[in-house]
Amino acid sequence: MLHLHHSNHLEQLARHFAALQQVDTLPPLEIEQVVVQNNGMGRWLSLQTARYNGIAANLRYLFPAELTWELLRKVLDDVPEKDPCAPTTLRWRLLDIFLQEPESWPELAHYLSTGDEGAWQLAGQIAKVFDQYLFFRPEWIREWEHGKGAGSDWQARLWWRVAGEQKLPHWVRLQERFSHALSVADKSALPPRISFFSVPVLSPGYVQLLVEVAKYTDVHIYLMNPSPEYWGDIESEKRKSKQATDAQELIFVGNPLLASWGRQGRDFLDQLIESNAETEDTSLFVETDETTLLQRVQSDILHLQMPELGASTDQSISLHACHSPMREAEVLYEQLLALFEANPDLTPAEVVVMTPDIDTYAPYLDAVFSTAEYPLPFSIADSSPRFAQGILNLCQQLLAVPQSRCDTESVLALLEFEEVRSHLGLDEAQVMQCREWIRAVNIRWGADAQIRAGQGGAGTPEHTWRYGLDRLLLGYAMPGQELFAAVLPWNEIEGSQAEMLAGLQQMLEAVFALAQWDGQQQELVEWDRRFRQLLKAVVGEDAPLQAIWQALDNLKRTLVQADFTQPLAWAIFKSALAEQLDKRSESEGFLGRGITFCALMPMRTVPFRFVGLIGMNDGVFPRRDTRASFDRMGNSIRRGDRLKRDEDRYLFLESILSAREWLYISYVGQSQQDNSELPPSVLVSELLDYLERCGASRETLVTKHRLQGWENPSPTLPLSGEGGGFSPPLIRGGWEGFLPPDPHYRQLTLSDLIRFFQHPARQFLRECFGLRLGERDDELPTREPFTLEGYSAGDIRACVFQQLEQALPATNALPLLRAQGLLPHGKPGDLLFARETKVTQAFFDSIQPLTELHREAFSLSLGEFTLSGLVGQLDSDGRKVYSLGKLSYWQWLDIWLHHLALNTLEESTYPPHTFIFSPEKNYQLQPVSDAREQLEQLLAWYWQGLQEPLPFFPKTALNLMEQTVPDVAKAMSTWEGSGSFAGESEKPEYRLLYRHENPLETQADAFITIAQGVFGQMLNARK
């Protein structure tokens, strides 16, 4: 008999299920067959059964398709082990047909003309459509197999070709045979009892099969039902408004939320009632108190009531608008922390947080909750296996290499995996060294010239991986400054660094091999062999590769089942393997340790005291029903069809009903760019409208959080309202708490002093906090140069200058510059070389004759400091500096401090003049009478800058002092930047130290004083 048990509380259904096991006990060795929608529900039901009965044993959880196939095998003789028309298998059968006879399907020529990959994608879409036909349009399948539409209907012809011609035992054919065979079959083969627990929807054909089975065995269906009243004829207010005025009086809305969101549940409940399912007399529905706003909403749904004024001011329902997923995770942590503090009886295991996009939110949730100052136990379910198992992520990266440009960042991303570094013998510091090598030899993208040309790039070797690796290897084998076999050695690798280079080469050779596979076709056995060898070369045989081996084995079994034997394009093999690797476990992490983070999926909404829904953004939830143009089910939607939109609306309703005390909703409701308001999901908007009709205020319900947590100075963590979180421990009043520097810092070289004034804030952070911040961007360039980059003009001129010094033609520098990758490819590079050669030649002629330059050492006692070093580039006229590039602030600091040192050499034979020669303009620094005093002042600022951030910003300071009348406001653009260039404030050390202020405003006087003492004095001496 078919029994229907329904309730608005899932706990009641679980208690009834457990009671049935006690009242109607199965034989001791008989397995209790329970059908669930996902493994998470089975896990929860086991826990509830053990809670009520003291034990949960001999329970077997199946999915609906698994039970169906088992029943078919028990009654029929020749049913295969697996469904031969399952979408994954049917896809390969369709692909086989498309590859062998594409001309037979002119209706699909537009898709098939794109090649093998297009045929693979098309086969996947058609397989899903045919699978829907089998369960929701079985009459079409029967008509096609009886010859209807065989001539003009391509779908009918294709179905006959892929399934009908071979008489594959698919669901529709087996169901017909099952109905006839069941009446004469041995009934003892059927399970004594079958239970369906909280399965949200079944196809009409499936319900019909259950009705047949229920004639001979008990089938119990435990169904979540929002209301005990009959609500099969209720309609939403939106649908009611579209009817004629006289017809509107006949339409019953009941509760607006249930009418709008409950369509899927209503249709399935009606389907079961029409199947004459016996409904239990015992009422399992639970009356809900109306003491909180959440309970009032649940009570209105239970009794099919319209909302009434009189909302309480409690925080049982709270909504939070944030600027980004990261802020959502931070706000969630703060609110949960406050909730646990206010409710000591609440445990993390009673909290669930669901999101429609778990892959997007899982990294942020893990980052926030795993590094929090006050840790909360948690587990993340349903995320892609790639996030849980790094080896799978590595495999995905490798699969993407052949179709990628092989740019520097995508290839070096392989070295981020511990398994790769361990196998190659590299640590993180050595990986950073490898990055610097790659930057130095100007690798950008492309495995080699031939492969890059095939991807639309220039067919020249420079900037490719192969050419850069050749430079590194040749530089270690035979350092030199000349080309060898058209390759310029890079001379900086020596000694034990060769082991690092060998590890890098081993990985790159694997990448080069991968890059050759794109466009090739091989049988699956060959692709399997190649990929296994590749993984062993990259990570070795000791890496945890079991999941990948299993995915390859599963792929081979699927092709055997589909009788597919054709050669495969690499793109198809890669796509098929990636799908196997991305199969998720719906039970792992659900109801695990502490707070449960999981995907918002049908029947995942088991009861919790706190239910959180994050990522409820507009356009993300509910999902849209996107159908292929050839999916005919979209032309005539029937009652009982599965629609993503209706599934998600009913899922949102179930989420509200499953919250016992608190409902928490957050979404990206504010733009990060301009702080403009962004709408939430349409379902959240409907809920807000409903709550306003209850009398609640939208301003009270929705909390708009700030862009950054530290923007709120309040250290408190209210449950609602502007939660700012704990501010970072920034020091605002002063730096008195730091110990003075070690006395040995008073003994320094001139180079030390120059480096300090070039980067004073960076020096402070390194000496006080041990932070080492780099000057250049950590990301490597991934495109070849199209013009002169950065300071490459100076490098080009230096190379030409070197040739001229050796009395060689300037054109000899062109192949050397090409080999270094400093010039754009082709004619643009030739034109730029000609321009820079002309400038360098003119400059070289203007400084003739070149004299021999000398250097002189010095050691000065300046108060408590000792300053020593060398002053070089000296001749009978003084100091001569030749600069082939643009003179920047850091070069002027070097020149000026050397000039001050030169002017302190009392017994020197060299005049205290400095001459600066550059292609653009020549300068002269006049003698300085108070050089010692100026150095003492610089050393005093240096000592101050080791104890607190020195208000000296060299780039902005030079711009300020070059003004006729120094004005900080006019130099502000250099500090803040504009759309065309980054300001000095964007440097990482300044962003770290001055997050809350503009030091040019708060410390203007001190900044002007130091700028005048450094660059102001220099400009007074510069002519």
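Buried means under 20% relative accessible area, exposed over 50% and partly exposed in between, with a 1.4 Å probe and protein chains only. The model is predicted: local features need pLDDT of at least 70, side-chain atom pairs count only at pLDDT 80 or more, and totals for chains, interfaces and linings use all residues. Residues are numbered from 1 along each chain as its sequence is written, and side-chain values use heavy atoms, without hydrogens and water.

**View 1. E274 in helix α14.** E274 belongs to helix α14, residues 263-274; helices (H or I, at least four residues) and strands (E, at least two) are DSSP runs numbered from the N terminus. E274 counts as exposed because its relative accessibility is 61%. D689 lies 415 residues from E274 in sequence, and their C-alpha atoms are 35 Å apart.

**View 2. Cis peptide bonds.** Most residues other than glycine have a negative phi, and most peptide bonds are trans. F621 and P622 are joined by a cis peptide bond with omega of about 0°. P622 sits in the loop between β13 (608-613) and α29 (644-658). Another cis bond joins Q848 and P849, with omega of about -5°. The loop between α36 (826-846) and β17 (854-862) holds P849.

View 3. H463, not a glycine, has a positive phi near 75°. H463 is in the loop between α23 (449-454) and α24 (465-477), and is buried because its relative accessible area is 2%. A486, also not a glycine, has a positive phi of about 70°. The loop between α24 and α25 (497-515) contains A486, which is exposed, at 56% relative accessible area.
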